[in-house]
Amino acid sequence: MSTSDAAVGVTSVPYNALDWLIESWSNELREIGEELGIEMLEYTFMHHAFLVGALIAVMAPLIGTFLVHRQLALIGDALAHTAFAGVAVGLFVNATFGTGISPYITAVVVAMVAALAIELISEVTDAYNDVSMAIVLSTGFALGAVLISLNTGGLAVGINQYLFGNLATVSRENAIILVVLFVAVSLIVTLTYKQLLYVTFDETAARVAGLSVPWYNRLMAMLTAMVVVGAMQIMGVILVAAMLVVPVASAAQVARSFKEALLASVVLAQLAVLVGITLSYQYEATAGGTIVLVAVAIYIGTILLGKVQSRQETAEARPIPDEREQIAD
Amino acid sequence: MAHDSKQYREELVAVRGVSFGYTASPVLTDISLTVDRGEYVGIVGPNGSGKSTLLRLLLGLHEPDSGSVDLLGQPARAFAEREKVGYVAQDVTENTKRMPITVAEVVLMGRFPHAGFGRVTSDDRERAHEALETVGIHHLADRKITQLSGGQRQRAYIARALAGEAELLVLDEPTVGVDAESVDAFFDLLGDLNDDGMTVLLVEHDIGAVIEHTSRVVCLNRELYFDGDPVTFAESDALDRAFGTNVRRDDEVVVS
């Protein structure tokens, strides 16, 4: 795919810069591959896959940590399915009007609108519940399915890549979309980290402290939509939510502090993506599924580790010293 | 009445003729009370009497159906100097959140309103550490908050308020799930903070503890039954009227 049919609306200077960046990354990996004799690094699509995978493995657990600890793990799944509707909208528009918009762009837009809708619904009606999530989830998927079936022609053939993800279809253009999403998500989380943490940990106290909880909820949902669409390329609609949840759950087993939990979830997600992509190349298995299975294996490992850890802690620190008693250690 | 009557009167909280209901039936009817700087006020009343709702109203979390609520001289709903109010919620002693987070991280949150979108500085960390020392649990700073006992966790949340330089400390049923011995130590801590100038306002089910430790009792059951000093409260029949006469009163203690 040439750079000329780049996403509509992307101005050319930053686009070219990103293009150059990804080109350099690709060359770097190719050299490393030649040096070490790693066969899979001969292919440009693998370079893109590793780049996209690494970026996903930073932003998914980053957002997922806030979601999981607010007991909103399901929202990722709901938004992924609406993102599928977004893909269908993109394909539909392209087929009808002969345009060349990337379906990932329409997916981001639709998912972010859906994210806002979920928030507004839960603000107007009761609090979050699985029922409203389930409704949004199935509505999104139904809309996608209907739009695609309305399209005559060979469109349905390309649907699998959105449902299950595909390493080989990570074009340079798609990688650029992901880099842009990554930068946006990282910047916003860095800027609002304290507020998000406060709202996540103690919503009432956050309100008393003057934070606009609904506003941060909306922001969180929008960020989730961006991450979900970004991760969809490799993970697919059906499995993308796993990246938001599984590494975070693993990290919670072993981490003591919130900072540690964030860091551990990113490290474990990187491990899952790296091993998962490599295995999926080696055995020609689907990447999304392989990554999730590796992540779950890591999760089981951390549960065992966490059990050992807490047993040690109990042995060391029982009873927890009260203020009047002396400290045990 | 006020803890240190030498001080000039400054109203931190002013509730004027407030009525409020979540649905059509009112939870609170025509409540008026003011809290001056330096006071130590305990709000008592039976379950469902609207105590917690009153707290939420004066924190600006709800809009009253009628009447007005001022917090530090501003309407509570539009109140901007949020860091001056420290709130400890009712359920913090329960171990519901499984979130991995340390005591130090929780206390540091008290600094977040000061930091805004900026970075947390070493000065912020220093203040958080001092707050932990004040409440006597600095040795637990690196523990997970979930590993603490109910009483210790309660102190951690007070430390968070102190770290935020709160001038008014609002606590909702702070001793639920805290063992009896820790309850005494906890009220001693609140007394010390009050001696140092902190205004304390708490809702409490343990009427004996309120009479023993606070300097002013507000008795509530949808409407105001009593507002005055603990000794007069203990001698009055306000409790009977508020709770209804068929309520067992074995909670009560004799005030020295």
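Which side chains meet in a salt bridge, 2.8 Å from N to O? Those of Asp202(A) and Arg160(B) do. The views below start from this predicted model, in which local features need pLDDT of at least 70, side-chain atom pairs count only at pLDDT 80 or more, and totals for chains, interfaces and linings use all residues. Residues are numbered from 1 along each chain as its sequence is written, chains are lettered from A and ligands numbered from 1 in the order in which they are written, and side-chain values use heavy atoms, with hydrogens and water left out.

**View 1. The salt bridge between chain A and chain B.** The rule finds one salt bridge across this interface. The term stands for a side-chain nitrogen of Lys or Arg within 4 Å of a carboxyl oxygen of Asp or Glu. Asp202(A) supplies the chain A side chain, and Arg160(B) that of chain B.

**View 2. The interface of chain B and chain A.** In contact (heavy atoms within 4.5 Å) are 37 residues of chain B and 33 residues of chain A. The two chains bury about 3,200 Å² between them, 59% of it on carbon and sulfur atoms. Buried area is the accessible area (1.4 Å probe) that two parts lose on being put together, summed over both. On the chain B side, Met99(B), Pro100(B) and Phe117(B) lose the most area to chain A, together 19% of what that side buries.

View 3. Thr192(A) sits in helix α7 (residues 172-201) of chain A. Helices are DSSP runs of H or I, at least four residues, and strands are runs of E, at least two, numbered from the N terminus. Thr192(A) counts as buried because its relative accessibility is 5%; buried means under 20% relative accessible area, exposed over 50%, partly exposed in between (1.4 Å probe, protein chains only). Leaving out residues up to four places away in sequence, Thr192(A) touches Tyr216(A), Leu219(A) and Phe117(B).

**View 4. The fold of chain B.** Nine helices and 10 strands make up its secondary structure. Of its 256 residues, 54% count as buried.
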